[in-house]
Amino acid sequence: MSELLGLYALWYREVKVFFRERSRIVSSVVNPLIWLIAFGGGLGASISFGGADYQSFIFPGVIMMTTLFSSIFFGMYIVWDKKIDFFKEVLVAPLSRTTLFAGKMLGGCTDALIQSAILIALGPLFGVSYTLFGLGIIAVFIVLIAAGATSLGLAIGAQMSSFEGFGLIQSFVVMPLFFLSGALYPIDSLPLWLKGITYLNPLTYAVDGMRGALLNLNAFPIIFDVGVAAAFVAVLVAIGTIAFQRMN
Amino acid sequence: MMIRAHGLTKTYRSLKAVDQVDLEIEEGEIFGLLGPNGAGKTTLLSMFATLLRPTEGEATLNGFSITKQPGSVRKSIGMVFQAPSSDDILTGRENLYLHALMYGVPKEGRRRRIDEVLELVDLQERASDKVKTYSGGMRRRLELARGLLHKPKILLLDEPTLGLDPQTREHIWGYIEGLAKREKVTVIITTHYMEEADALCDRVAIIDHGRIIALDSPASLKMKIGNSMIIAKVKEPRLESIRRLPYVSRVDVNDGNVSIVLSDAGAHIQEILGLLGEATHVELREPTLNDVFLQLTGKEIRAESAEGWAEKFVMGDGR
C-alpha cells in the first residue's frame with residue numbers, strides 16, 4: 001500500500017511538473033509540426049506511397065519520433081536529478097528502487113500520451129482520419145514506445161554521471177532508431193542490407209502497426225507488431241529496473 | 001540509545017572517508033558532527049541514512065540496523081540535505097504533500113500534519129507559492145518541515161545553514177532548537193561552523209580525516225583546553241617565563257599574536273602582560289570550539305566560501 005502511494009506521488013510529481021513547464025509542451029508539439037509541414041509538405045509535393053498522401057503517410061512516424069525523443073530524454077534527465085539534490089529526497093524515502101523506476105516510467109508515459117494527444121487532435125489538418133479502433137491501437141503503441149524509450153533513457157542515465165555522453169547517445173542511439181524505423185518511407189522496397197537493419201529495430205513494428213491502424217498500409221499483421229514491440233518493452237523495462245537497483 | 005555506531009568505516013579505494021567511528025547518541029539529544037570540509041561528516045550521515053553502505057562496521061538507528069533493515073531505518077529518519085532538494089516548480093504545500101505520500105502518512109490527518117509543520121517553520125502564508133519564489137532561508141525551513149512531516153524519531157541535518165547569511169543562520173538555529181523540543185526528536189547535525197555547534201548542540205564530536213578526535217559537550221570541550229584565553233599582539237614576546245607559570249596550560253604564537261590558554265585570565269592578566277612585554281593589542285576571551293580544533297589538529301576549521309555553494313545551486317534549476 002505504501003509503495004503504491006509512493007508510486008502515485010512520483011507519478012503525480014512528473015505530471016504536475018509537466019503541466020507547469022509549458023515551454024516543454026510547446027516545443028514538443030512544434031518540432032513534429034515542422035516535420036509534418038516542412039518535410040512532409042515539401043517531399044509530399046512530389047511523392048506519395050500506397051495511395052496515401054505523404055503527410056499522412058509519415059504521420060505515425062512523426063508521432064513515434066515525438067514520443068521517442070521526449071521519452072528518452074525524459075529518462076536521461078535522471079542524470080540532472082542525480083546531480084542536484086532533488087532526487088536524494090526521493091532516494092532516501094522508504095520506497096523500493098522498483099517503485100522509483102516505475103513512477104518515473106509512468107510519468108514519462110503520461111507526458112508522451114498528452115503530447116501525442118495534441119498531435120493527434122491536429123491530425124485532420126494533415127489529411128489523417130481516425131476510427132475508434134485506430135485511436136485505440138495508436139494509444140497502445142504510444143504507451144509501448146514511451147515505456148521502452150523512458151526505460152532506455154533511465155537505464156543510460158542511471159549509469160552516467162554527467163551530460164557529456166548526451167551527444168553520443170543522440171548520434172548513435174536516438175537518430176538511428178528514428179531513421180531506420182520506416183518512419184519516413186515504406187520498408188518493403190528497401191535494399192536487403194537496409195531492410196535487415198530496419199527489421200532489427202523495434203520501432204519499425206511500432207510505426208508499422210500505427211500506420212496499419214490509420215492507413216491500412218502495414219507490412220506485418222498489427223497483432224504481430226504489438227507483440228514484437230511489447231517484447232522489446234519488457235526487456236527494456238527489466239534492464240531499466242536493474243540499472244536503477246545498481247545506481248548510487 | 002537512539003543511535004549506536006560501532007567501527008563504522010567507509011573506504012573509497014585507498015581513502016578512508018570514515019574510519020572506525022564509534023558513537024552512542026541518546027534520545028532527544030542534538031548531536032553535532034563538527035569538522036572541516038572533507039572530514040567525512042556527510043559520508044557518515046549518508047551511511048546513517050542508508051544512502052551509502054558501510055565498508056565495515058555497523059550502526060543501529062531507532063533499534064534498526066542500517067545494513068539489514070534499511071527500510072525501517074528510512075521510516076525512522078527525516079533528512080535535510082546540504083543543497084536544496086525541494087522541487088522549485090511546485091509550491092511548498094505540494095512538496096510536503098508529495099513527501100507525505102512517499103512516507104505513507106495516513107490520509108486522515110495528512111492535511112492537518114502538513115499545516116502543523118508549516119506552522120512550525122512559519123511558512124503558512126507562503127505555502128501556496130512556488131518554491132522558486134522562496135529565499136534561501138525559507139527553502140531551508142520548508143525542508144526542515146518536510147524532514148519532520150512523517151514524525152521521524154531522528155532528524156539528520158547535513159549542513160543546515162550552509163550558504164545562508166549569519167542572521168538567517170541564527171534564525172534557523174532557533175527553529176531547529178524549537179523543533180527538537182516540540183517534536184521530541186533526536187537530531188544529528190553536521191557543520192563546519194563552530195558557532196553553530198556551540199549554539200545548538202548538546203554534544204559535539206569533532207571529526208578530522210574520518211576519525212572522531214574528541215567528543216563531549218561544547219562547554220566541556222572548551223574547558224579541557226582551559227577556561228579562558230588571552231590573545232596579545234607583542235613585538236618581542238618573552239614566552240619562556242609565561243610557559244613556566246603554573247596556571248598557564250598552553251602558549252601559541254601565530255603571526256605575531258600570542259595566544260595563552262589559562263585558568264582565570266581576569267585574575268592573572270596583569271602579571272602576564274608584565275612578563276610578556278609591551279603589547280599593542282590585548283584581547284581576553286573564552287576559548288571557542290575553533291581553539292579546541294586548533295589545539296587538537298594544529299589547523300583551523302576553515303569556513304568554506306558561500307559562493308561555491310551558491311554556484312552549485314544556481315546551476316541547478318531546482319528539479
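Predicted model: local features only at pLDDT ≥ 70, side-chain atom pairs only at ≥ 80, totals over all residues.
Visitor: Start with chain A. How many helices and strands does it have?
Guide: Chain A has 11 helices and zero strands. Its elements run α-α-α-α-α-α-α-α-α-α-α from the N terminus on.

Visitor: What radius of gyration does it have, against a compact globule?
Guide: Chain A has 18 Å. A compact globule with 248 residues would be near 18 Å, so the value agrees.

Visitor: And the box along the principal axes?
Guide: The C-alpha atoms of chain A fill roughly 55 × 35 × 35 Å.

Visitor: What share of chain A counts as buried?
Guide: 55% of the 248 residues. The accessible surface is about 10300 Å², with 72% of that belonging to carbon and sulfur atoms.

Visitor: What about contacts in sequence terms?
Guide: Take contacts in chain A between residues at least 6 apart in sequence. Of these, 78% join residues at least 24 apart.

Visitor: Switching to chain B. What is the strand order in the open sheet of four strands?
Guide: The order is β2-β1-β4-β5 (chain B), and the pairing is antiparallel.

Visitor: Which strands stand at the edges?
Guide: β2 (15-25) and β5 (64-65) of chain B. Each has a single partner strand, so one side of each lacks a neighbour in the sheet.

Visitor: How many bridges join β1 to β4 there?
Guide: Five bridges join β1 (residues 3-12) to β4 (residues 56-61) of chain B, and the two run antiparallel. In one of the pairs, Thr9(B) has Glu56(B) in β4(B) as its bridge partner.

Visitor: Now helix α6 of chain B. What should it span?
Guide: Its 18 residues (residues 166-183) should span 26 Å at 1.5 Å a residue. The end C-alpha atoms are 25 Å apart, which agrees.

Visitor: Which residues of α6(B) are buried?
Guide: Thr168(B), Arg169(B), Ile172(B), Trp173(B), Tyr175(B), Ile176(B), Leu179(B) and Ala180(B). They cover an arc of only 165° around the axis, so they lie on the same side of α6(B).

Visitor: What covers the buried residues of α6(B)?
Guide: The cover includes β3 (30-34), α4 (110-120), α5 (136-148), β7 (154-158), β8 (186-191) and α7 (194-200) of chain B.

Visitor: What follows α6(B)?
Guide: Lys184(B) does, and its phi is positive, near 50°.

How values were computed
Residues numbered from 1 in each chain as written. Chains lettered and ligands numbered in written order. Heavy atoms only, no water. Expected span 1.5 Å × (residues − 1). Buried < 20%, exposed > 50% of the residue type's maximum accessible area, 1.4 Å probe, protein only. Arc of directions from axis to C-beta. Contact = heavy atoms within 4.5 Å. Rg over C-alpha atoms; globule rule 2.2 N^0.38 Å. Areas by Shrake-Rupley, 256 points an atom, 1.4 Å probe, with all protein chains shown as cover. Pairing = 2+ DSSP bridges.
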